Amino acid sequence: MVNIQEVKQRFKLIGNSVGLNRAIEVALQVAPTDLSVLITGESGTGKESFPQIIHNYSHRKHGKYIAVNCGAIPDGTIDSELFGHEKGSFTGAVNDRKGYFEEVNNGTIFLDEIGELPLSTQVRLLRVLETGEFMRVGSSKVYKTDVRVVAATNVNLPQAIQDGKFREDLFYRLNTVPIKVTPLRERGDDVLMLFRKFAIDFADKYNMPSIKLQSDAKDLMLKYDWPGNIRQLKNIAEQISIIESEREVSVQTLLKYLPKDTQVLKSNLPAIYSGVDEKTFNSEREILYQILFDMKNDMNDLKKLVHDIMDKNPSSLNTEETKQFLNKLHNDQEMSLTPAVPATIATPRIEVEPKEYLHRAGDIEDTEEIVEESLSLVDKEIELINKALKKHSGKRKQAAQDLGISERTLYRKIKEYNIS
């Protein structure tokens with residue numbers, strides 16, 4: 001009976017978590033057989049160690065072992081890489097070439113990232129698994145091989161099957177014996193053991209004292225989710241070993257090396273409410289309110305401008321140029337002014353037609369009173385709706401378009417405000 005601790009020492013596996021020990025046990029049990037094995041787990045969990053355990057404790061241990069990263073080989077050449085090709089079968093095929101399945105005969109092939117395999121290649125792989133037969137690219141000759149396949153992936157293959165990206169028959173053929181590698185966040189104190197191992201390794205590599213974690217930093221290590229798993233932990237241990245002069249690592253120091261956007265802790269920390277962007281409008285009502293405020297500001301600006309003109313040089317209002325200016329100003333603001341706003345800036349000498357507010361006699365004091373008019377948004381909303389309906393002779397569709405709201409919203413508001 002193989003001792004698990006011996007396996008850990010031989011293949012440099014660190015940890016005593018239940019998940020790690022169980023994965024090693026399954027690998028040792030399935031190793032003497034020729035069953036296909038599918039290893040699943042998140043990226044960075046160390047899945048590549050288990051095919052080596054299976055191969056080295058099988059009767060194929062004296063045969064070849066090849067690890068192939070299916071995701072790193074372009075779709076156009078992966079068939080040639082796995083199954084070989086004949087001379088002249090495609091541009092660049094200047095010689096016959098054996099593929100991995102031919103080279104590794106009587107050995108073990110590890111197909112990493114099997115979920116990235118193209119569908120056409122999946123068909124060829126299924127045939128090899130079921131019959132041991134394959135054909136080189138560009139050849140009609142059938143070759144035989146005796147290869148054990150161990151595959152690994154971090155892809156949810158059942159979901160990939162539903163999405164039409166992975167063959168269901170190939171999944172069941174590969175998944176004869178499944179091995180699940182647990183993520184680092186579920187391995188408890190293994191995190192601290194791994195960090196200590198990496199710290200010692202980097203101290204030897206860079207000829208410097210080893211870093212050590214303070215108690216609060218250890219707590220953070222155990223609470224952190226480690227989305228990058230062992231690969232992320234190793235990188236952080238190396239960065240701290242090189243960059244930090246203080247060899248006692250505090251929680252403040254550790255936090256500098258944990259990505260801020262992925263610091264998902266297991267503790268129930270209160271969620272940070274970022275608030276709502278003031279310029280983000282989620283409803284037509286808010287948009288309408290903003291328009292009303294803008295109109296109010298424009299109106300006040302207009303009154304102030306006319307007041308300044310009259311105050312500085314009242315006689316200039318008789319000139320043709322002034323009349324044209326006021327006409328233009330009125331036309332620009334016509335859609336912004338509401339009927340409830342009485343214009344009081346005109347004098348009897350100014351004849352600008354048809355401008356209702358200019359016909360009314362008034363003075364600057366009257367204008368000041370207008371500023372104090374009701375600022376009720378509901379009143380403004382009702383006024384605008386009435387104005388739009390009047391402008392379009394009661395045609396609600398055109399009125400809604402003019403108001404910048406949907407016809408359905410206009411109906412709702414008419415009912416809500418009892419507008420006749």
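Me: What makes Y206 partly exposed rather than buried or exposed?

Reply: Y206 has a relative accessible area of 29%. Buried means under 20% and exposed over 50%, so Y206, at 29%, falls in between and is called partly exposed. Please keep in mind that this is a predicted model.

Me: And how do you know whether F202 is buried or exposed?

Reply: The relative accessibility of F202 is 6%. The cut-off for buried is under 20%, so F202 counts as buried.

Me: Where do F202 and Y206 lie?

Reply: Both are in helix α9, which covers residues 190-206. They are four residues apart, about one turn of the helix. In general, an α-helix has 3.6 residues a turn, so residues three or four places apart point the same way.

Me: How many aromatic pairs does the structure hold?

Reply: There are seven aromatic pairs in the structure. One of them joins F83 and F134, with ring centres 6.2 Å apart and planes at 35°.

Me: What makes the pair of F83 and F134 tilted?

Reply: The centres of the F83 and F134 rings, at 6.2 Å, are within the 6.5 Å limit for a pair. Their planes are at 35°, while stacked needs under 30 degrees and edge-to-face over 60, so tilted is the label that remains.

Me: Which parts does the pair of F83 and F134 tie together?

Reply: F83 is in helix α4 (residues 78-83) and F134 is in strand β4 (residues 133-135), so the pair ties together parts that are 51 residues apart in sequence. Both F83 and F134 are buried. Ring pairs also link F83, F101, F134 and Y143 into a cluster.

Me: How do you know whether N229 is buried or exposed?

Reply: N229 has a relative accessible area of 0%, and buried means under 20%, so N229 is buried. N229 is in helix α11, residues 229-243.

Me: What lies around the side chain of N229?

Reply: A polar atom of the N229 side chain is 2.9 Å from the backbone oxygen of S43. The backbone nitrogen of L184 is also 2.9 Å from a polar atom of that side chain. Leaving aside neighbours within four places in sequence, N229 is in contact with E42, S43, G44, T45, P183 and L184.

Me: What makes T108 buried?

Reply: Its relative accessible area is 0%, which is under 20%, so T108 is buried. T108 lies in strand β3, residues 108-112. Not counting residues up to four places away in sequence, T108 touches H55, R60, K64, Y65, I66, R148 and V150.

Me: How do you know that the buried residues of α19 are on the same side?

Reply: In helix α19 (residues 407-417), T409, L410, K413, I414 and Y417 are buried. They cover an arc of only 140° around the axis, which puts them on the same side of α19. On the other side, R408 and K415 are exposed. Just after α19, N418 takes a positive phi of about 55°.

Me: What is the average pLDDT of the protein?

Reply: The protein averages a pLDDT of 81, and 77% of the residues score at least 70. Over residues 267-283, however, the pLDDT is below 50, and this stretch has four contacts in the model beyond near neighbours in sequence. For residues 335-370 pLDDT also stays under 50, with 63 contacts beyond four places in sequence.

Me: And how much of the protein is buried?

Reply: Buried residues make up 43% of the 420 residues. The protein has 19 helices and nine strands.

How values were computed. Residues are numbered from 1 along each chain as its sequence is written. This is a predicted model: local features need pLDDT of at least 70, side-chain atom pairs count only at pLDDT 80 or more; totals for chains, interfaces and linings use all residues. Side-chain values use heavy atoms; hydrogens and water are left out. Buried means under 20% relative accessible area, exposed over 50%, partly exposed in between (1.4 Å probe, protein chains only). Helices (H or I, at least four residues) and strands (E, at least two) are DSSP runs, numbered from the N terminus. The arc is that of the directions from the helix axis to the C-beta atoms. pLDDT is the predictor's confidence in each residue, from 0 to 100. Contact means heavy atoms within 4.5 Å. A polar contact is a pair of N or O atoms within 3.5 Å; within protein, one must be able to donate a hydrogen and the other to accept it, and residues adjacent in sequence count only if both atoms are side-chain atoms. Rings of Phe, Tyr and Trp (its six-membered ring) pair if their centres lie within 6.5 Å; planes under 30 degrees apart count as stacked, over 60 as edge-to-face and the rest as tilted.
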